[in-house]
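The sequence and the structure come first.

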Amino acid sequence: MIELKGVTKRFGDETAVDAISLTVKPGELCALVGTSGCGKSTTLRMINRLIEHDEGEIHIDGRPIREFDGRLLRRRIGYAIQSTGLFPHWTVARNIGLVPRLLKWPAARVRERVEELMGLLGLPVDQFADRYPAQLSGGQAQRVGVARALAADPDILLMDEPFGALDPITREGLQAELRDLQSRLRKTIVFVTHDMDEALALADRLVVMKAGHIVQQGTPLALLRAPADDFVASLLGGDDRGLKEAAITQVAERMLPLSPRLLPQARVHRDATLRQALAVMFREHADRLAVVDDEAMPIGELSLRRIVGAGRDGSGES
Ligand SMILES: Nc1ncnc2c1ncn2[C@@H]1O[C@H](COP(=O)(O)OP(=O)(O)OP(=O)(O)O)[C@@H](O)[C@H]1O
């Protein structure tokens, strides 16, 4: 658990972070969003003491972070950043194994862990283990950075635009990996991103910052449905908010049981999002879809009315 209470950071005359309070519960993924310069990275770096806070308290698992030695604290907390911070004269494998080695894991266990992570992040060991950072693409280097952050299996991960330099396909792949990892390992994660779709897709708790303050926090759905002010509404996508809500709501939540009516030809998987279902409707010129399971067996149906939230109780379906 990470707790910030009235935390402030000043750089000279400028207050970069202004008396913020925030609790990130164990196993929660908290995304910090906001316009450039609002204090997101500073907040993240205060948690692992790369930046010391001026006022307020930061606790990790109930203990003030000032009680920890900064270096030891950073070995306990995974940290992945957009620019990766890899050591240029170290191979990929050596970079990933950094923290486990500092923690004095036996060499065989370090090697095993490095290989496991390289597999997880789609970096074949025979191809990449002995390369140097300069021999990697930006996206490959970012994956190495994420692998390094995960290496010692920390309970807490701080991620600052970790997928920033990736193409959309790789990025979505890694987002899915992170979601999957999160559902299995339940790390406590603070994640900074400029990509609102990424924040909405990943976050349990979304925290919107503006000029060093937290202006609103809550679940992505709560913020999309009731933004506190025009700033939050526009940051969350303005008029596009409805589609963003559709993008984080699953078909299974809105489908109706199979009815005796003829099933439509067009189909969508139960785990797809409402946005994907809308895309199928557009493509197929259909206003009803059959919902199917992993075996492509129909298990329900979905209408346009249900997608837009009308007739949620099933009444008025035609
Ligand atoms: N080391 C520093 N010295 C002086 N000012 C700093 C320092 N680090 C950050 N700042 C200032 O503090 C404010 C917050 O910076 P921060 O990097 O936390 O913002 P951010 O929300 O992460 O921005 P971005 O989205 O552009 O990365 C900015 O005005 C920045 O110029």
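In what order do the strands of the open sheet of four strands stand? I read the order as β2-β1-β4-β5, with antiparallel pairing. Strands here are DSSP runs of E with at least two residues, helices are runs of H or I with at least four, and both are numbered from the N terminus. Two strands pair if DSSP finds at least two bridges between them.

**Entry 1: what kind of model this is**

I noted that this is a predicted model, where local features need pLDDT of at least 70, side-chain atom pairs count only at pLDDT 80 or more, and totals for chains, interfaces and linings use all residues. Residues are numbered from 1 along each chain as its sequence is written, and side-chain values use heavy atoms, with hydrogens and water left out.

I checked confidence next. The pLDDT is the predictor's confidence in each residue, from 0 to 100. The protein chain averages 90, and 97% of the residues score at least 70. Residues 313-318 fall below 50 in pLDDT. Beyond near neighbours in sequence, that stretch has eleven contacts in the model. A contact means heavy atoms within 4.5 Å. For the complex, the predictor gives an ipTM of 0.95 and a pTM of 0.86.

**Entry 2: the whole chain**

I counted 15 helices and 13 strands in the protein chain. Its C-alpha atoms fill a box of roughly 65 × 50 × 30 Å, taken along the principal axes. Of the 318 residues, 49% count as buried. Buried means under 20% relative accessible area, exposed means over 50%, and partly exposed lies in between (1.4 Å probe, protein chains only). I also looked at contacts between residues at least 6 apart in sequence: 59% of them join residues at least 24 apart.

The domain assignment gives domain 1 (2-244) and domain 2 (250-308). Such bounds come from an automatic or database domain assignment. The C-alpha centres of the two domains lie 35 Å apart.

Then I followed β1 (residues 2-11). Seven bridges join β1 to β2, and the two run antiparallel. Lys-9 stands opposite Val-17 in β2. β1 and β2 form a hairpin with two residues between them. In that turn, Gly-12 has a positive phi of about 60°. Five bridges join β1 to β4 (residues 55-60), again antiparallel. There, Glu-3 stands opposite His-59.

What lies across β1, β2 and β4? I found helix α1 (residues 40-47), running at about 120° to β1. Axes are lines fitted to C-alpha atoms, for helices over the stretch in contact, and angles run from 0 to 180 degrees between N-to-C directions.

**Entry 3: the sheet of three**

I found an open sheet in the order β11-β12-β13, with mixed pairing. β11 and β13 stand at the edges with a single partner strand each, so one side of each lacks a neighbour in the sheet. The twist averages 35° from one strand to the next. β11 and β12 run parallel and are joined by three bridges. Arg-267 stands opposite Ala-290 in β12.

**Entry 4: helix α14**

Which residues of α14 (residues 274-284) are buried? I listed Leu-274, Ala-277, Leu-278, Val-280 and Met-281. Seen down the helix axis, they fall within an arc of 160°, so they line one face of α14. The arc is that of the directions from the helix axis to the C-beta atoms. An α-helix has 3.6 residues a turn, so residues three or four places apart point the same way.

The buried residues of α14 pack against α12 (241-247), α13 (251-254), β11 (267-269), β12 (288-292), β13 (298-303) and α15 (304-307). The face turned away carries the exposed residues Phe-282 and Arg-283.

**Entry 5: two positive phi values**

I looked for His-285 in the loop between α14 and β12. His-285 has a positive phi of about 50° although it is not a glycine. At 75% relative accessibility, His-285 counts as exposed.

Ala-19 sits in strand β2. Its phi is near 50°, a positive value in a residue other than glycine. Ala-19 is partly exposed, with a relative accessible area of 47%.
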